[in-house]
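Subject: The model, and what turned up in it

Hi there,

Here is the structure I promised to pass on.

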Amino acid sequence: MSVTLDIKLKRANKVYHEGETVAGVVTLCCKEPLQHNGIALSMDGIVNLQLSSKSVGVFEAFYNSVKPIPLISSSIEVAKAGKIPGGKTEIPFEFPLISKGNKVLYETYHGVFVNIQYTLRCDLKRPLLAKDLSRSCEFIVHSQPQKSKIVPTPVKFSITPETLQNVRERSQLPLFLIRGHLDATSCVISQPLTGEVQVDKSDVPIKSIELQLVRVETCGCAEGYARDATEIQNIQIAEGDVGHGMPIPVHMVFPRLFTCPTLETTNFKVEFEINVVVILQDDHLITENFPLKLCRV
């Protein structure tokens with residue numbers, strides 16, 4: 001006998017804040033009446049930390065600090081054991097979104113070494129020989145907006161061979177001058193990062209100019225920590241040898257779920273950086289790095 005189990009939330013965007021109520025319906029569809037031993041619904045919020053391969057085995061203490069961190073956990077009985085009639089049955093539910101003890105509900109974030117996820121799981125227990133059914137559904141938690149206003153402070157930059165670091169043979173570098181500015185490095189996560197880049201001089205033709213958004217995830221404890229930087233997205237803002245003295249606009253939207261407000265806790269940190277990358281025709285790579293502070297207002 002075919003039975004389908006589903007969880008539907010009332011909010012189409014599935015976004016909730018701490019203190020709100022997560023409401024929806026558990027939907028059951030079956031052609032004939034269905035005997036069951038109870039339907040339970042549970043809500044879980046967990047921070048999963050993972051060590052990169054380079055950090056495994058370095059610190060013994062790491063293994064205790066990278067255990068999953070529970071933020072919220074509660075369950076309710078949706079229906080007692082009994083019979084569900086054939087056809088479509090909808091059972092409403094409500095869950096208050098309140099953290100355990102003094103825990104903070106961090107914003108949903110899907111990273112590489114840090115993952116913050118909130119899920120609803122429905123379990124339908126069935127009599128002997130019939131297989132139990134379960135269904136999971138992720139919902140998104142946004143952190144409370146900060147009360148203080150953000151005053152954007154533009155950051156100007158100028159890149160020349162003299163300003164570069166990590167250069168082996170500076171004398172072999174071609175001459176260039178690249179200037180520009182970012183309108184702010186303290187950014188509102190729901191608004192784009194904007195600015196300008198301008199090539200004033202370059203002895204070697206330019207191949208490409210790109211913007212690279214990087215996540216910097218730190219897991220660890222007092223004994224030591226593992227810090228890993230990985231790319232989230234890369235946007236090309238210019239291709240080919242651009243006209244000198246011509247401003248090129250910078251515009252990058254922060255991707256949902258893969259970014260969150262900058263976060264710092266005792267066991268982990270999630271930070272973000274932006275790289276302005278200029279690639280020359282001879283494949284020289286020029287990079288200027290800017291730390292970003294993301295927040296929600």
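Below are my notes on cysteines, pockets, strands and a few single residues.

First, some housekeeping. This is a predicted model, in which local features need pLDDT of at least 70 and side-chain atom pairs count only at pLDDT 80 or more, while totals for chains, interfaces and linings use all residues. Residues are numbered from 1 along each chain as its sequence is written, and side-chain values use heavy atoms, with hydrogens and water left out.

**Cysteines**

A disulfide is a covalent bond between the sulfur atoms of two cysteines. The rule used here asks for a pair of cysteine sulfur atoms within 2.5 Å, and by that rule the count is zero. Cys 29 is in no disulfide, and its nearest cysteine sulfur, in Cys 30, is 7.6 Å away. Cys 29 has 30% relative accessibility and counts as partly exposed. Cys 260 is buried, at 1% relative accessibility.

**Pockets**

Pockets were searched for on a 1 Å grid over the protein atoms alone: a pocket is an open set of points where a 1.4 Å probe fits, with protein on both sides within 12 Å along at least five of seven lines, and lining residues have an atom within 4 Å of a point. Grid points are joined across faces, edges and corners, and a volume is the space filled by probe spheres set on the points.

The largest pocket has a volume of about 300 Å³. Its lining holds 17 residues, and Ser 143, Gln 144, Pro 261, Thr 262 and Leu 263 lie nearest the centre. Strand S21 (residues 285-295) gives the largest share of this lining, three residues. (Strands are DSSP runs of E, at least two residues, numbered from the N terminus.) By type, the lining has eight nonpolar, five polar and four charged residues; Ala, Val, Leu, Ile, Met, Phe, Trp, Tyr, Cys and Pro count as nonpolar, Asp, Glu, Lys and Arg as charged, and the others, Gly among them, as polar.

The second largest pocket has about 240 Å³ of space. Of its 13 lining residues, Pro 152, Ala 184, Ser 186, Val 188 and Gln 191 are closest to the centre. Strands S14 (186-188) and S15 (193-202) are the elements that give two or more residues to this lining, and S14 has the largest share, with three. The lining of the second largest pocket divides into eight nonpolar, three polar and two charged residues.

**Strands**

Two strands pair if DSSP finds at least two bridges between them. S1, S3 and S8 form an open sheet in the order S1-S3-S8, with antiparallel pairing. S1 (3-9) and S8 (87-96) are the edge strands, each pairing on one side only. S1 and S3 (residues 21-30) are antiparallel over seven bridges, and Leu 9 stands opposite Gly 24 in S3.

S13 pairs with S12 (residues 155-159) in the antiparallel sense over five bridges, and Val 155 has Leu 182 as its bridge partner. S13 also pairs with S15, antiparallel and over seven bridges; there Leu 177 is partnered by Lys 201.

**Single residues**

Ser 208 is in strand S16 (residues 206-221) and is buried, at 5% relative accessibility. Its C-alpha atom is 5.2 Å from that of Ile 279, 71 residues apart along the chain.

Most residues other than glycine have a negative phi. Asp 283 sits in the loop between S20 (268-280) and S21 and is exposed, at 53% relative accessibility.

Best wishes

Methods. Buried < 20%, exposed > 50% of the residue type's maximum accessible area, 1.4 Å probe, protein only. Helix = DSSP H or I, 4+ residues; strand = E, 2+ residues; numbered from the N terminus.
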